[in-house]
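Please look over the sequence and the model, then read the notes below.

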Amino acid sequence: MAAGWRRGFASILVVVAALAGHSLMAGHAGAQNVPGVSAQSVFGTMGQHQVSTPTVTNPCQESVAGMIAHITVHLFGNRDDLECTQAFPYGLQSPVGVNTYYPADIGDLDSAPLIVFEGGILSNPGQYDPLVRQWVSHGFVVVVPYDFVNSLAYLPAIGLATATMQNRDPNSPLFGKVDLSRTVLAGHSGGGQATLQAAALLPPIAGLIDPALRIAGALAIEPGPLAIGALIGVPTLFLTGYNDVVVPDFAWVRWWEYNLMVNAPAWIANARGVGHFSPVDGADAYLSSGTAVAWLKYLAFGDDTARQFFVGPRWGLKDDPTYFSVERNALAGELR
């Protein structure tokens with residue numbers, strides 16, 4: 001097993017080195033027009049904003065549950081050690097809550113778009129700290145609702161309600177700074193399943209939560225099976241992993257999630273060297289993190305470089321060497 005793990009890790013290093021080579025030959029603007037340039041090489045780094053959060057993390061190995069998680073992700077090939085919060089059973093704090101991250105210079109910004117992110121079933125919210133920090137560094141406010149089960153649409157709804165309350169609270173650093181009209185739902189594994197459920201249920205009733213609320217789209221990372229694509233009416237990107245044996249790309253993610261996305265644009269990308277637990281690794285080690293950032297910046301900021309990875313006849317993601325396969329549906333193909 002150790003030899004196999006080393007071979008898998010070496011393969012990841014080879015891919016990362018290849019992506020680094022692409023980044024040397026391509027600048028940020030217009031890089032997507034060069035065949036084979038990866039989203040990771042363009043968007044896979046930290047952004048310009050420092051990150052503020054009251055969330056405190058510690059090494060997961062300090063608890064029994066955390067040690068189990070730590071061993072599990074390393075057996076599946078992760079590079080970095082996990083961080084955890086004290087949410088039960090990883091500590092003695094409440095197993096239910098919402099963590100908030102935001103740009104440290106939020107006071108200098110007119111506003112920032114919102115990401116509501118939900119982690120996987122049985123996960124601890126601190127395990128996604130590197131990925132969330134990467135998103136915040138690119139100018140997003142991120143709320144992370146959690147309850148250990150992390151699988152159903154009520155959690156994204158709780159996250160939205162929390163962000164809305166902070167936006168209305170004069171004592172909050174986010175007072176008047178959360179642009180609810182640019183809200184993206186995102187999640188991994190069980191949380192990806194909940195994201196798809198919320199993407200079906202919440203857009204029609206968004207105005208009841210806040211008149212300004214609009215769901216711009218969804219990001220489903222290796223999502224669970226309890227969601228149906230035909231019910232989703234917002235643009236959605238599905239990110240899967242070629243090495244994922246928990247949520248295989250060939251299973252429900254395609255059968256009744258992506259393949260049934262008939263009411264909104266949809267994309268699906270299956271990354272080489274990515275397993276089910278890659279999203280809780282360092283953001284630079286998760287080889288789809290750059291694509292996730294590109295998607296979020298396309299939806300929330302209308303970033304032209306990001307947009308060209310997904311839109312138009314020369315859309316760059318289809319030639320991205322990170323991916324074993326990339327597809328988009330007819331509605332996505334009609335976008336210009």
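Which residue does Thr240 stand opposite in strand 10? Thr240 stands opposite Asn270. The model is a predicted one, and its chain averages a pLDDT of 90.

**Confidence**

- A pLDDT of at least 70 is reached by 89% of the residues.
- Residues 1-33 have a pLDDT below 50. Beyond near neighbours in sequence, this stretch makes 39 contacts in the model.

- Strand 4 (residues 97-103) and strand 6 (residues 141-146) run antiparallel and are joined by five bridges. Within this pair, Val98 of the sheet has Pro145 in strand 6 as its bridge partner.

- Strand 10 is largely enclosed by the rest of the structure, because six of its six residues are buried.
- Burial applies to both faces of strand 10: Ala266, Ile268 and Asn270 lie on one side, and Trp267, Ala269 and Ala271 on the other.
- Strand 9 pairs with strand 10 in the parallel sense, over six bridges.
- Between these two strands the chain passes through helix 8 (residues 252-258), and the β-α-β crossover is right-handed.
- Strand 11 pairs with strand 10 in the antiparallel sense, over five bridges. Here Ile268 stands opposite Glu327 in strand 11.

- Helix 4 (residues 129-137) has seven of its nine residues buried, so it is largely enclosed by the rest of the structure.
- The buried residues of helix 4 are Asp129, Leu131, Val132, Gln134, Trp135, Val136 and Ser137.
- Ser289 belongs to helix 9. With a relative accessible area of 0%, Ser289 is buried.
- Leaving aside neighbours within four places in sequence, Ser289 is in contact with Gln40, Gly44, Leu131, Gln134 and Ala283. Two of these contacts, Leu131 and Gln134, are among the buried residues of helix 4.

**Nonpolar cores**

- In soluble globular proteins, nonpolar side chains tend to be buried together.
- The largest nonpolar core of this model has 52 residues. The residues with the most contacts inside that core are Phe117, Trp135, Val142, Leu219, Leu239 and Phe310.
- Helix 9 (residues 289-301) gives the most to this core, contributing eight residues.
- Leaving aside neighbours within four places in sequence, Phe310 is in contact with Leu237, Trp267, Thr291, Ala294, Trp295, Tyr298, Trp315, Leu317 and Arg328.
- Another core, of 37 residues, lies apart from the largest one. Its members include Ile106, Ala199, Ala227 and Ala264.

How values were computed
Residues are numbered from 1 along each chain as its sequence is written. This is a predicted model: local features need pLDDT of at least 70, side-chain atom pairs count only at pLDDT 80 or more; totals for chains, interfaces and linings use all residues. Side-chain values use heavy atoms; hydrogens and water are left out. A nonpolar core is a set of buried Ala, Val, Leu, Ile, Met, Phe, Trp, Tyr and Cys residues joined through side-chain atoms within 4.5 Å. Buried means under 20% relative accessible area, exposed over 50%, partly exposed in between (1.4 Å probe, protein chains only). Helices (H or I, at least four residues) and strands (E, at least two) are DSSP runs, numbered from the N terminus. Contact means heavy atoms within 4.5 Å. Two strands pair if DSSP finds at least two bridges between them. pLDDT is the predictor's confidence in each residue, from 0 to 100. A crossover is right-handed if, with the strands pointing away from the viewer, the path from the first strand over the helix to the second runs clockwise.
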